[in-house]
Amino acid sequence: MPTFTYMTRCDGCGQCVDICPSDIMHIDPVYRRSYNIEPNFCWECYSCVKACPQHAIDVRGYADFAPLGHSVRVLREEASGTISWKIRYRDGREKAFSFPIRTTPWGSIKPPFEYAAPDAAALNSPLLAHEPEMLKVDTLPTLRTAAEPA
Amino acid sequence: MFTTNPFTPLTDFVSAEVMQGYVVLMVLAVVIGTLFDLLHDKKLAFFLQERQRTRAAAKQPLSGADLAAIATRTLVNDIATFGEFCNQQRRISHVLMFYGFVLYLVTTVVMVFVYPTDTHPPLVLPVLWNIGVLLTLVGGYWFFFLLRVNVTHDGHPPWRLVRADLFIVTLLASVTFALLFEVVAMAGSSMATKVFAGLYVFFTTLLFVSIPWSKFAHMFYKPVVAFQKRVEEADGSSSLPTPTAPRGERCPHSHT
């Protein structure tokens, strides 16, 4: 079930527009609030649901863990590094879960653009950029050419 | 300069009674427009339906003192300082527009009804009127050109206007022409005064009459929704998970 926005809660901050991997969260021209322009293309990835600071976006959860009539809400807390879920079933029962998002402080990981651009000759290598040092190993297995002995 | 009643030059064209009647008509337009918007778009029905649903899901009843404390927090945090916004620039621009517009409106009503023909009312009134105009213009143009979400996040050019811009455009046009009207009236140009007075009245009328199609009424809805949201958090009817941090996290660090 694709995402939808509670218009009364949305404050039109645009975080969902930025984060949507399918580029389907846009700004409504009448109310200047977010809306899903193409529900058929929604991956139900929950990125916008987690990113929304007003908790204004909702998705109906998959039927294998939450049958019809339920509600599934998520709360992402950067300061404590947790993500919490609450499922409320239609008979009133509730289940709540909290998970750690990460073990390092927010913003402490060096983003890709802060690394030096790899040498152009590396295009001929089967390794990806900054491998193997970014994987914190000395070497990675590579494919042998036919001429090389086993 | 800027210390005289900006509305006395209008009495050259219209009587004080007509000016006062116009203000009353605009107040009626706000009331009727907001009621029409509430009923026609079923906003009131949706709000009452949601309130009924959350009341049924409430886990602990709230006392009158609890509700008063929530109302105070809503007033201080959500209404007076626009704490809902995580983006500080949007927050500041809304604070400027809100207080500027309120100052502008209140001083306008006082000068039109109490000192309509008095060129020199108490100094505080024209000064506050001009401060209100300037605050509205600074916050408004900042918002219009640099902070509108369809421009900053959706990639629209700033000059592309949609229906959601009706409120901000008419507000800016009305207040801009109010200031220009005051300036040309002080300069003594009769023709320019007439032109800018006409534009001022046109855009002011459009601002208040277009409420059913504009975002004007969100000023009234937002505080109610903010209060209801805090009530849901307090009485346990909120469908959101309980925060793991002791006081929760209103705005994620990456969004501020």
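**Notes on a helix pair and an interface**

1. In chain B, the crossing of α4(B) and α5(B) is left-handed. The model is a predicted one. Helix α4(B) covers residues 88-114 and helix α5(B) residues 124-147; their axes come within 7 Å and cross at roughly 145 degrees.

2. Which classes of residue make up the contact of α4(B) with α5(B)? The contact holds 19 nonpolar residues, 10 polar residues and one charged residue.

3. The interface of chain A and chain B may be considered next. Chain A gives 38 residues to the contact, and chain B gives 43 residues. Between them the two chains bury about 3500 Å², with 47% of this on carbon and sulfur atoms.

4. Three salt bridges are found across the interface of chain A and chain B. A salt bridge joins Arg32(A) to Asp165(B), where the closest N and O atoms are 2.1 Å apart.

5. On the side of chain A that touches chain B, two or more residues come from each of α1 (15-19), β2 (25-27), β5 (71-77), β6 (82-88) and β7 (94-100) of chain A. Strand β5(A) supplies the largest share, six residues. By class, this side of chain A comprises 14 nonpolar, 12 polar and 12 charged residues.

Note on methods:
Residues are numbered from 1 along each chain as its sequence is written. Chains are lettered from A and ligands numbered from 1 in the order in which they are written. This is a predicted model: local features need pLDDT of at least 70, side-chain atom pairs count only at pLDDT 80 or more; totals for chains, interfaces and linings use all residues. Side-chain values use heavy atoms; hydrogens and water are left out. Contact means heavy atoms within 4.5 Å. Buried area is the accessible area (1.4 Å probe) that two parts lose on being put together, summed over both. A salt bridge is a side-chain nitrogen of Lys or Arg within 4 Å of a carboxyl oxygen of Asp or Glu. Helices (H or I, at least four residues) and strands (E, at least two) are DSSP runs, numbered from the N terminus. Ala, Val, Leu, Ile, Met, Phe, Trp, Tyr, Cys and Pro count as nonpolar, Asp, Glu, Lys and Arg as charged, and the others, Gly among them, as polar. Axes are lines fitted to C-alpha atoms, for helices over the stretch in contact, and angles run from 0 to 180 degrees between N-to-C directions. A crossing is left-handed if the near helix is turned anticlockwise from the far one by less than a right angle, and right-handed if clockwise.
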